[in-house]
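Subject: Structure handover

Hello,

Here is the structure I promised to pass on. Please open it first, then read the notes below alongside it.

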Amino acid sequence: MDDSIKILEAKLWDTADSLRAGSNLTSAQYCMPVLGLIFLRYAFSRFKMVEAEVLRNRVKRQGQVRPVEAADFAAKSAIFLPEAARYDYLVSLPGNIASAGLRDESGYPINSLGEAVNHAMRLVEGQSRILTGVLPKGYTMFDDVLLGELLRNFNNSALDDVGGDVIGRIYEYFLNKFAQTAAQDDGVFFTPKSLVKMIVNVLEPRPQSILIDPACGSGGMFVQTGDFINHAGMSVNKTMTFYGQEKVDYNAQLCLMNMAVHGLEAKIASGSAANSFYTDAFNLAGKCDYVMANPPFNVDKVNADEAAAAGRLPFGLPSYNAKTKAVGNGNYLWISYFYAYLNERGRAGFVMAASATDSNPDRPIRKQLVETGHVDVMVSVGNNFFYTKSLPCTLWFFDKGKQPALQDEVLFIDARAYFTYVSKTLNTWSEWQLRNLNAIVWLYRGESQKYTALLQEYREALQADALRSSLRLAPHASFAEAAEALERHLAAQKEQAKAAAETAPRAQKKAVEQEWKAALEHTAEALATAREALWLTDKFGDGVYRDVPGLCRRASRAEIAEKNYSLTPGAYVGVAPQEDDGIDFATRMREIHDELNRLQQESDRLMQEINANREKLGI
């Protein structure tokens with residue numbers, strides 16, 4: 001099923017992007033209307049699902065079933081859709097809209113498909129308080145033919161076949177794809193899902209909690225927290241209260257749509273009144289169980305007087321220009337806010353520019369932070385994790401409820417060399433890599449039972465993946481044995497695939513190649529899982545934390561003080577030992593020199609030929 005969703009995502013994106021190219025609109029202009037249509041399609045999918053559930057359990061009266069109404073949907077975190085806001089209604093409208101005699105909620109005639117979609121958006125807003133004034137309504141800028149194509153393509157029946165919740169995944173996929181495209185149009189960017197998941201996994205949000213994101217962007221932190229809570233079998237809207245501040249109105253719109261598309265509720269402040277440098281919009285300092293954020297890095301020209309007046313600076317104001325009264329870099333304003341929002345047992349996790357871990361002007365604040373004993377974990381992230389930025393970053397974690405035994409320590413993880421390559425400009429963490437990094441934190445905290453449970457999940461996943469690849473592993477095979485068996489199986493499959501393609505009839509050749517491609521991908525995924533299990537167990541065995549050179553180290557506050565309060569993981573974990581390749585150094589150097597001499601001789605020979613040819617030509 002996962003493969004079919006990936007194919008569907010790519011197909012819908014290709015359609016949307018090709019239509020954008022034919023519309024002469026920039027990504028910034030095209031993004032919100034397209035996401036609005038995906039939102040509407042998701043709302044309709046949820047509507048049909050909830051409607052069927054309500055009607056199935058509804059008692060008949062005199063042989064009649066009472067129609068569904070808005071209250072039925074509110075009880076299930078879904079939006080009731082009036083008929084003219086339902087996706088199937090819009091798709092079935094005639095080509096000549098004006099001839100249909102349609103009227104909007106104010107009685108005005110609807111003369112184009114764009115006006116009909118605008119009307120649908122207003123009707124949806126009427127059913128959801130948090131969406132009032134949020135949904136896009138600029139659909140009259142689209143030609144009716146183009147808009148009709150978009151509506152039909154997003155009405156793909158495969159969306160219903162794989163389940164309504166997958167629309168949310170496709171919505172996120174489009175958000176990320178637009179982030180890549182928007183980079184070319186100088187647009188906004190969004191936090192990569194793998195970084196968000198790492199933050200949520202380390203913080204482990206508990207129910208009955210308050211969470212704030214003071215730079216909430218498109219709401220990724222909230223959505224991932226919702227997934228984490230729902231996975232634990234709880235209703236997120238009954239157990240979490242989300243607050244967000246986002247000064248860019250466009251981003252706040254995306255956030256509210258993103259929340260609604262995932263059935264979540266939040267209080268979002270936007271515009272100038274939501275500038276976190278100068279405003280605590282919800283008066284939440286000292287009251288939050290969790291803070292999660294990816295704030296804009298290295299913001300300059302922050303008014304020092306206004307920032308000081310706004311408070312939330314437990315370690316004082318960062319250094320500023322006395323003449324201009326401007327803070328030259330806002331990174332430590334953000335860091336101070338995140339700490340200040342926490343209650344007495346609160347946890348914070350956030351993305352920050354890599355340079356902030358040891359910036360010299362901010363050392364006094366960093367020293368105070370370390371001495372609180374609440375700095376918990378620091379994780380270095382390598383290049384190319386953001387769609388629009390190639391620079392590395394650092395994940396910071398605070399914990400005011402840290403175990404007494406850990407008060408004097410900080411866990412440093414250098415994950416710059418640990419990632420999955422996606423393309424030459426993009427890296428990510430796979431699901432298993434995320435869990436491996438999380439496992440290091442579990443062991444540091446003494447939570448070995450979680451590590452043991454993860455190893456069992458690895459074993460079960462490997463058995464299932466191997467069977468899907470037509471390979472039966474021994475019931476108690478070690479991870480090393482599983483990896484070796486999968487490597488042999490993959491090599492054999494490649495030979496079989498090559499032979500099958502060469503001998504297949506021409507008419508069947510493409511189908512045979514596709515079949516073997518899928519089989520090879522299944523085996524490669526299983527092998528990747530085995531290798532990740534090996535990566536983890538080679539370092540931590542059956543579940544005891546230890547410092548691993550080049551990867552992780554727990555350092556005391558005294559050690560951090562010795563390094564001038566640097567919080568750069570690389571300063572503590574050191575360098576991983578280089579594996580011995582079995583080649584004698586002196587022998588290898590002779591080989592290199594011999595190769596250089598050979599290349600130099602070849603170069604001299606070619607130059608002589610060139611000069612001889614020049615002379616023949618009289619040049």
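Predicted model: local features only at pLDDT ≥ 70, side-chain atom pairs only at ≥ 80, totals over all residues.

The bridge partner of Asn321 in strand E7 is Ala326. E7 covers residues 326-327, and two bridges join it to E6 in antiparallel fashion. Together with E5 these strands make an open sheet of three, in the order E5-E7-E6, with antiparallel pairing. The edges are E5 (302-303) and E6 (320-321), each of which pairs on one side only.

**The chain overall**

The chain has 619 residues, and 49% of them count as buried. Its secondary structure comes to 22 helices and 14 strands. Take the contacts with a separation of 6 or more: 73% of them are between residues 24 or more positions apart.

**A parallel pair**

Strands E2 (residues 240-246) and E3 (residues 267-270) run parallel and are joined by four bridges. Within this pair, Gln245 stands opposite Ala269 of E3. How does the chain cross from E2 to E3, and what is the hand of the crossover? The path goes through helix H12 (residues 249-261), and the β-α-β crossover is right-handed.

**Aromatic rings**

There are 25 aromatic pairs in the structure. Look at Trp432 and Tyr458. Their ring centres are 4.1 Å apart and their planes stand at 20 degrees; planes under 30 degrees apart count as stacked, so this pair is stacked. Trp432 belongs to helix H16 (residues 431-444) and Tyr458 to helix H17 (residues 448-468), so the pair ties together parts 26 residues apart in sequence.

**Around Thr394**

Thr394 is in strand E10 (residues 393-399). Its relative accessible area is 2%, so Thr394 is buried. What does Thr394 touch, leaving aside residues up to four places away in sequence? The list is Phe350, Val351, Met352, Ala354, Thr357, Met378, Val379 and Ser380. Ser380 is 14 residues from Thr394 along the chain, and their C-alpha atoms are separated by 4.6 Å.

**Salt bridges**

Side chains of opposite charge can pair when their charged atoms come close. A search of the whole structure gives 17 salt bridges. Three of them are worth a look.

*Arg122 and Glu105.* The closest N and O atoms are 2.6 Å apart. Arg122 sits in helix H5 (residues 113-125), while Glu105 is in the loop between helix H4 (87-91) and H5. The two are 17 residues apart, and the pair links distant parts of the chain. Arg122 is partly exposed at 30% relative accessibility, and Glu105 is partly exposed at 44%.

*Glu125 and Lys137.* Here the closest N and O atoms are 2.7 Å apart. Glu125 is in helix H5, and Lys137 is in the loop between H5 and helix H6 (144-153). This pair also links distant parts of the chain, 12 residues apart. Lys137 is partly exposed, at 30%.

*Glu559 and Arg553.* Their side chains meet in a salt bridge of 2.7 Å, N to O. Glu559 is partly exposed, with a relative accessible area of 24%. Arg553 counts as partly exposed, at 24% relative accessibility. Elsewhere, salt bridges that share partners join Asp104, Glu105 and Arg122 into one network.

Best wishes

Definitions and conventions. Residues numbered from 1 in each chain as written. Heavy atoms only, no water. Phe/Tyr/Trp six-rings, centres within 6.5 Å; stacked < 30°, edge-to-face > 60°. Pairing = 2+ DSSP bridges. Right-handed = clockwise from strand over helix to strand, strands pointing away. Salt bridge = Lys/Arg side-chain N within 4 Å of Asp/Glu carboxyl O. Buried < 20%, exposed > 50% of the residue type's maximum accessible area, 1.4 Å probe, protein only. Contact = heavy atoms within 4.5 Å.
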